[in-house]
Amino acid sequence: MEIPRQEIHIEIDNSIPSSKEFKTGLADAKPVVLMSALRSLHAGYFRISLSLCSQALLWKIMIAPDSPSMSHMHSKLPSMAFHLLWYLALVTQVSLCFLYALKCIFFFDKVKEEFLHYIGVNYLYAPSISWLLLLQSAPMMEPNSVLYQTLFWIFAVPVLTLDTKLYGQWFTTEKRFLSMLANPASQVSVIANLVAARGAAEMGWNECALCMFSLGIVHYLVIFVTLYQRLPGGNNFPAKLRPIFFLFFAAPAMASLAWNSICGTFDALAKMLFFLSLFIFMSLVCRPNLFKKSMKRFNVAWWAYSFPLTFLALDSVQYAQEVKDPVGSGLMLIFSSISVLIFLGMMVLTAANSNRLLRHDPVLGSATDPKDKQKTLSLNATNQN
């Protein structure tokens, strides 16, 4: 019995694609990369511009000619560095807003998911906060100018709109009660109101400033007490986002700055808020193990270390200008130095990890919504029975 033989012919193509075809392939790949970056972008990336804008405000206050506590350092902090920092913050903010606007056009479903997410929705305040800080640190506009006041309302209206939506849900919608959704990122909404209050006070609109301040400080107290009691929402916070715990002292620090602008002096209430933020900062610094898991791999959440420290540094500068003693000057020097060093460190780390910056970030997607977690637990209990 003979087995039929089959001939196998193998052809090897050694041809090299032409440079024209290779360039076409790269051109086709660029839109894919852009779409992937837009899909991964979320409002949490505005932490970067938040840090830049707050740092610009710090430098503006430190090099001000009417700053007696910093007069001896005025020559060491050239205004050129402040202007470069402000324009860098402006370019970063415009770029992030442009990219996020593209995401709203091409991936509106992802933006809607972010709006419904119990952590992601809080960072929708971040673009407005950055614009308001950028406006307050602007080197070429006076608070009493028409342009300044117009831009203030453009940036403040989204804050009031989100307030109406978010705060209304917290006490009227059963599935979205604050006791279920509260997490450290909820304090971003408080900071937005306080930054708007400071901006209004700088223009002399004290009634508007008091309105925004009252909204911010009352909700800060409610959120702080809710988180202090460790209600269900606090158990659903991813370890990668633990740098956001620094918002615990960022809110009272910003409240102190806002109240100082409203009253025109760093009075007893402003000092109390400054001491509260200082105490919470020390409490967090004394627990480095809390942030151990979040520091294993670079994440954009690391920028949450920078702007809260800048708010505390701004507070220390205002405090030093008021008390005019060695303790105040020492606190000002310590926190201003820490703020600048952390800010520069974050810029270096971000540049070194730029290839990871716009990759898919699973944090918001993997964070379980409290009500979804309850459903999962009830289903598991049913299956076990």
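**Group meeting: a walk through the model**

The side chains of E202 and R198 meet in a salt bridge, at 3.9 Å from N to O. By salt bridge I mean a side-chain nitrogen of Lys or Arg within 4 Å of a carboxyl oxygen of Asp or Glu. By this rule the count comes to one salt bridge.

Before going on, a note on the source. This is a predicted model, in which local features need pLDDT of at least 70 and side-chain atom pairs count only at pLDDT 80 or more, while totals for chains, interfaces and linings use all residues. Residues are numbered from 1 along each chain as its sequence is written, and side-chain values use heavy atoms, with hydrogens and water left out.

Back to the pair. E202 and R198 both lie in helix α8, residues 187–202, and they are four residues apart, about one turn of the helix. Helices here are DSSP runs of H or I with at least four residues, strands are E runs of at least two, and both are numbered from the N terminus. Are the two partners buried or exposed? R198 counts as buried, at 7% relative accessibility, and E202 as partly exposed, at 35%. Buried means under 20% relative accessible area, exposed over 50%, and partly exposed in between, with a 1.4 Å probe and protein chains only.

Next, the core. The largest nonpolar core has 117 residues, and those with the most contacts inside it are I129, I191, F213 and F311. Such a core is a set of buried Ala, Val, Leu, Ile, Met, Phe, Trp, Tyr and Cys residues joined through side-chain atoms within 4.5 Å. Which helix gives the most to this core? Helix α10, residues 247–263, does, with 12 residues. Because 16 of the 17 residues of α10 are buried, this helix is largely enclosed by the rest of the structure. From its first C-alpha to its last, α10 reaches 24 Å, close to the 24 Å expected at 1.5 Å a residue. The expected span is 1.5 Å times one less than the number of residues. After α10 comes G264, with a positive phi near 80 degrees.

F311 touches S54, L133, I191, A250, A253, M254 and L257, not counting residues up to four places away in sequence. Contact means heavy atoms within 4.5 Å.

Now helix α12, residues 306–323. Its 18 residues reach 26 Å from first C-alpha to last, close to the 26 Å expected. α12 is mostly covered, with 16 of its 18 residues buried. What follows α12? K324 does, in the loop between α12 and α13. The phi of K324 is near 50 degrees, a positive value in a residue other than glycine. At 61% relative accessibility, K324 counts as exposed.

Another lysine, K60, is found in helix α2, residues 46–62. K60 is partly exposed, with a relative accessible area of 28%. Leaving aside neighbours within four places in sequence, K60 is in contact with F82, Q136, S137 and A138. The C-alpha atoms of K60 and W86 are separated by 9.3 Å, and the two residues are 26 apart along the chain.

Last, M347, which lies in helix α13, residues 326–352. M347 is partly exposed, with a relative accessible area of 32%.
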